[in-house]
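Here is a friendly briefing to read alongside the model. Keep the viewer open and look up each spot as you go.

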Amino acid sequence: MNFRQLGFYILFLIPFSVSAQTSPQFNSAELKLGLKKLNVLGSALYIAAHPDDENTRLLAYLAKEKKFRTGYLSLTRGDGGQNLIGNEQSELLGLIRTQELLAARRTDGAEQFFSRAIDFGFSKTSDETFRIWNKEQILADAVWVIRNFKPDVIITRFPEDARAGHGHHAASAIIAREAFIAAADPNRFPEQLKFVEVWSAKRLFWNTFNFGGLNTTSNDQIKLDVGAFNPLLGKGYGEIAADSRTNHKSQGFGSAKQRGQSYEYFSHTTGVSAKADILEDINSNWDRIPGGTEISRMITLADKNFDIDNPSKSVPSLINILNALEKLPNSYWKEQKSQELKVLIAGAAGLWFESYASEPTHALGDQIKLRHDIVVQSDVSINLSAINGQKQEIELKNGVLKNIEGIAAAEAITEPYWLLNNHELGTFQVKDQHLIGKAENPAPITVKFTFNIAGKEISYERAAMYKSTDLVRGEVYQPLVIAPAITATISEKAFVFIGNTPKKVQVQLKSFRNASKGTVIPEVPRGWTVKPQKFIIELLKKGDEKAIEFEIIPTEASEAGNFAINIQTEQGISNRGNKVINYEHIPLQNLFPIAKAKIERIELQTKGKKIGYLAGAGDLIPESLQQVGFQVNTLSEADVMNGNLSQYDAIIAGVRAYNVNERLSLMQPKLMEYVKNGGTYLVQYNVSSPLLVDNIGPYPFKISRDRVTEENSAVTFLEKDHPVLNYPNKITSKDFEAWVQERGLYFLTSLDPNYKRILSMNDQGESPKDGSLIITDYGKGRFVYTSLAFFRELPAGIPGAYRLFVNLITK
């Protein structure tokens, strides 16, 4: 990702993000917009549950048309959703969606915040959601964000009832209403008042909607046209919104640009009511703070006199405004506008400065060599006064690039702050109050530059980055990574042992420092034996890797638990692995999770060994089956169309394969022929739209939105004597214990009579649903369609899920 494109983002994200970003470069239109924004002292906060819930058109309209400071509080990071671009799940998917949200905000001009709530999957009611979330803690987080952000108006995406369509959605509206009230109450969360003040927003609205077959808008609601065109941007807000929403690539949310009028509707929830406009009676002028009237006059004059051909002419007037502003009493808006002014002064002066490290990764405790690049591209008089407090006194000349060497210390590993500590099912554990609400970690290394600009001392901070040139992508910025000296990455998230059969487990060691030495010490739960009991290792060069192997031996007395790795070095004990998430649409994510993996002993019989796999949206089913002895081959279109499919004991379609693989329509006749000739074809869940094949199975059925979200819900066997419940493993109710997140999703309905319904299940208070697993004989073979969440259960090492899945692919 090219972080040079952050200019507009920085201009509209003051002050939370500007201090730690690379240097913005503004064109004259952006500077003009920044001047106009200086004269607006208003803020709006949008609240919902997930990445993609936000109304990007409204956010863009508020941020860039109304020029309000605008934020989106997503209670979760989308950890429980599905992934259309890879096989990352849970926390790793949440990390991807965090970065996608930040990219969306860079596009629409809003800021991004999160609570500590975890997206644990689909929830049908807010009551269920609050049984899993720590409601009081999530409410405290929302209050904290409100007290820091100080919104004049708060807007929710959803109502508090079933119309929200998701328990998390309804819960986000409840949290928003309660936080609206609690933020103004000094008796609620008083521990926060050591750092912030109480805040009373003026009103709370629900942004009603008309989608998914549900229209909650009405003519008696406030109506707002947010489809305006901004000539300085050269875009309408429908175009900006589409670009913003398209950043949600892991969810397949590529959006077409919309132009022209577009109305949003708002229903009053609480606070001071409004008649015609959600921003009605909100004082967003400078007279909202003492002494501000003169500041407004000065900004208006600077805007009027702005020279689009020579923005640097505005620097003296901008400095005069900053001097006048600094004389006012301390206040929230004084701080906000001071930061905006400093950014505009540097932009108008053509002042560009950045800091780089010579390498992308560094070990904890290392000294990092930095290079600071500075250039002025105007005739404004600018001197570099200091870097990190050390005097420089360097005169900067128009167009002459200055390079200065520096050094910094690597003081903490760059693990995402919400993943540092073990957490419960519904809530991340964060110990530092000041991190709560933030979208990501502060930069590991920041550099403070102090300049004398036309006689005014002004300081800025920049995040030190790693910059490289890619032959295809060009100049690429990458966040610095601070790592343990040695990491130990276990090859799988969970290992399944069949009976008392030993298994060899690989651990990949990596050095982030030259001449790294240590002792690798494995740990296993009670009833297990591990050999060897330690490894003495030495990695000579930074970046060196070495695979080591342990043999883990189960017994009848083995208890389920974790296989964990500790690395003892001269600097102490480390227990971190290394995981890299690399997609071009987000910055490289390099994280260091605890080095552990679940180990589980199960009784499992398998028949047949060779499996063909058709890739879908991404899952870990092939790796999971390989663990229990299956040979899994990923099938190409050529393999299906021209290969010998009879060699496979079963073929499996990955999750949502019929939604994402356009070539399946051509392969479908061959797959049905494979079944007819005696093969077993198992299809995992899909959604009803877009469906790229009219009939997935040999006989018709439809895909509904039914699901069972309670992972411990009772399961009824409808066909007790069917082979899939008896061979080669006898399936009992015990096999449905300890499932994670959900039973299944997008169950089938309107089944042809040739299909047998195998299971029935339901969430509390709902009628039984029998579309989670269907089977039919077709010719000499068997067709299986399952909406059960095997894509979650097998990677989590759930014994019963393995036993049932093996039965489904065994004839």
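The crossing of α4 and α8 is right-handed, where right-handed means that the near helix is turned clockwise from the far one by less than a right angle, and left-handed means anticlockwise. This is a predicted model, in which local features need pLDDT of at least 70 and side-chain atom pairs count only at pLDDT 80 or more, while totals for chains, interfaces and linings use all residues. Residues are numbered from 1 along each chain as its sequence is written, and side-chain values use heavy atoms, without hydrogens and water.

**Helix pairs**

- Helices (H or I, at least four residues) and strands (E, at least two) are DSSP runs, numbered from the N terminus.
- The axes of α4 (residues 90-108) and α8 (residues 237-246) come within 8 Å and cross at roughly 165°. That makes α4 roughly antiparallel to α8 (an angle over 145 degrees).
- In this pair, Ala104, Arg105, Thr107 and Asp108 of α4 meet Ile240, Asp243 and Ser244 of α8, with contact meaning heavy atoms within 4.5 Å.
- For α2 (residues 28-38) and α9 (residues 292-304), the axes come within 9 Å and cross at roughly 160°. These two helices are therefore roughly antiparallel as well, and their crossing is left-handed.
- Lys32, Leu35, Lys36 and Leu38 of α2 make the contact with Ile299, Ala302 and Asp303 of α9.

**Nonpolar cores**

- A nonpolar core is a set of buried Ala, Val, Leu, Ile, Met, Phe, Trp, Tyr and Cys residues joined through side-chain atoms within 4.5 Å. Buried means under 20% relative accessible area, exposed over 50%, and partly exposed in between (1.4 Å probe, protein chains only).
- The largest nonpolar core has 55 residues, and Ile374 is one of those that touch the most other members. Helix α11 (residues 332-349) gives the largest share of this core, nine residues.
- Apart from it lies another core of 40 residues, including Leu604 and Ala801.

- Most residues other than glycine have a negative phi, and most peptide bonds are trans.
- Phe189 is not a glycine, yet has a positive phi of about 50°. Phe189 is buried, at 7% relative accessible area.
- Ala515 also has a positive phi, about 55°, but Ala515 is exposed, at 52%.
- The peptide bond from Lys531 to Pro532 is cis, with omega near -10°. Another cis bond joins Tyr727 and Pro728, with omega about -5°.

Technical notes:
Axes fitted to C-alpha atoms, helices over the stretch in contact; angles between N-to-C directions. Parallel < 35°, antiparallel > 145°, perpendicular 65-115°, else oblique.
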